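Welcome! Have a look at it, then read on.

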Amino acid sequence: MEKFKGYVGIAVALALAWLFLAPQSGGWRATRMQATPLDDTGIAVIILGRSETYPLLARVETFVRQCPGGVEAEARALDRMYGYKGDQCLFHHLAPSRNDLYVLADDFGQYDTTFRDDLRRSFDMETDSEAFKQLITQMQERAVATYPKMMSNLHRSYVLTVYFWHALFVGVILLMLWFRREVGGVLLLPITGLGKLLAKAHEKV
């Protein structure tokens with residue numbers, strides 16, 4: 001029985017390692033990071049998916065890779081031959097979305113001291129008004145102006161976060177393998193407990 005518990009512990013540890021440490025493919029996420037060798041693992045997918053700032057970082061870094069010449073004028077980009085990447089180099093692919101402006105206002109505000117106060121002006125405007133649209137465009141331009149410092153810090157934060165959680169999870173897996181019989185025993189506890197109850201019930205029949 002003890003060996004069986006050990007096998008169960010090993011199997012669970014390896015299954016968790018495959019689920020969270022193996023490269024993930026498919027449609028898990030629309031934007032991928034290319035900052036570390038671990039960006040395709042299950043842990044990295046969770047980190048990116050649960051963050052409010054890292055998805056914007058991923059989008060900006062994708063834009064930089066695809067558009068080494070920077071933002072192109074829309075008319076120029078759309079006037080190119082079919083299949084040209086110019087349509088991926090328009091300003092709205094680089095700028096934060098309207099929702100990002102509100103969600104990440106504090107982050108942008110670290111590099112633009114009046115950003116949050118100026119963005120609050122939009123609360124008193126009709127969303128379909130020309131003034132509102134102009135303000136959002138201005139705030140997007142100001143947000144992009146913070147990118148050199150903001151994205152550098154976000155990139156560093158993302159790399160440290162990825163390596164930290166991978167190191168921690170590897171440590172957990174190694175502990176599970178070391179205490180495999182204890183882990184297996186805990187996992188089998190509901191089954192063994194049910195077996196004992198059934199045995200007692202059988203004795204009383």
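At 4% relative accessibility, Phe-132 counts as buried (buried means under 20% relative accessible area, exposed over 50% and partly exposed in between, with a 1.4 Å probe and protein chains only). Phe-132 sits in helix 9, residues 130-145; helices here are DSSP runs of H or I with at least four residues, strands are runs of E with at least two, and both are numbered from the N terminus.

Leaving out residues up to four places away in sequence, Phe-132 touches Arg-98, Tyr-102, Ser-122, Met-125, Glu-126 and Thr-127 (contact means heavy atoms within 4.5 Å). Arg-121 is 11 residues from Phe-132 along the chain, and their C-alpha atoms are 8.9 Å apart.

## About the model

This is a predicted model, in which local features need pLDDT of at least 70 and side-chain atom pairs count only at pLDDT 80 or more, while totals for chains, interfaces and linings use all residues. Residues are numbered from 1 along each chain as its sequence is written, and side-chain values use heavy atoms, with hydrogens and water left out.

## The chain as a whole

The chain has 11 helices and zero strands. Of its 205 residues, 35% count as buried. Among contacts between residues at least 6 apart in sequence, 62% join residues at least 24 apart. The accessible surface comes to about 13400 Å², and 61% of that belongs to carbon and sulfur atoms (areas come from the Shrake-Rupley method with a 1.4 Å probe; for residues, only the protein chains shown count as cover).

## Helix 10

How far apart are the end C-alpha atoms of helix 10? They are 45 Å apart, which agrees with the 46 Å that its 32 residues (147-178) should span at 1.5 Å a residue; the expected span is 1.5 Å times one less than the number of residues.

The buried residues of helix 10 include Tyr-147, Leu-154, His-166 and Met-176. Phe-164 is also in helix 10. Together with Trp-165, Leu-168 and Val-172, Phe-164 forms a nonpolar surface patch with about 380 Å² of accessible area. Patches are made of residues with over 30% relative accessible area and no salt bridge, like charges being joined within 9 Å and nonpolar side chains (Val, Leu, Ile, Met, Phe, Trp, Tyr) within 5 Å.

## One disulfide

A search of the whole structure finds one disulfide, meaning a pair of cysteine sulfur atoms within 2.5 Å. Its partners are Cys-67 and Cys-89, with sulfur atoms 2.1 Å apart. Cys-67 lies in the loop between helix 3 (54-66) and helix 4 (74-78), and Cys-89 in the loop between helix 4 and helix 5 (91-94), so the pair ties together parts that are 22 residues apart in sequence. The torsion about the S-S bond is about -95°, so this disulfide is left-handed. Cys-67 is buried, at 4% relative accessible area, and Cys-89 is buried at 4%.

## Salt bridges

Side chains of opposite charge can pair when their charged atoms come close. The structure holds five salt bridges (a side-chain nitrogen of Lys or Arg within 4 Å of a carboxyl oxygen of Asp or Glu). In one of them, Asp-112 pairs with Arg-142, the closest N and O atoms being 2.9 Å apart. Asp-112 lies in the loop between helix 7 (105-109) and helix 8 (115-120) and Arg-142 in helix 9, so this pair ties together parts 30 residues apart in sequence.

Asp-118 and Arg-142 also meet in a salt bridge, at 2.6 Å from N to O. Salt bridges that share partners join Asp-112, Asp-118 and Arg-142 into one network.
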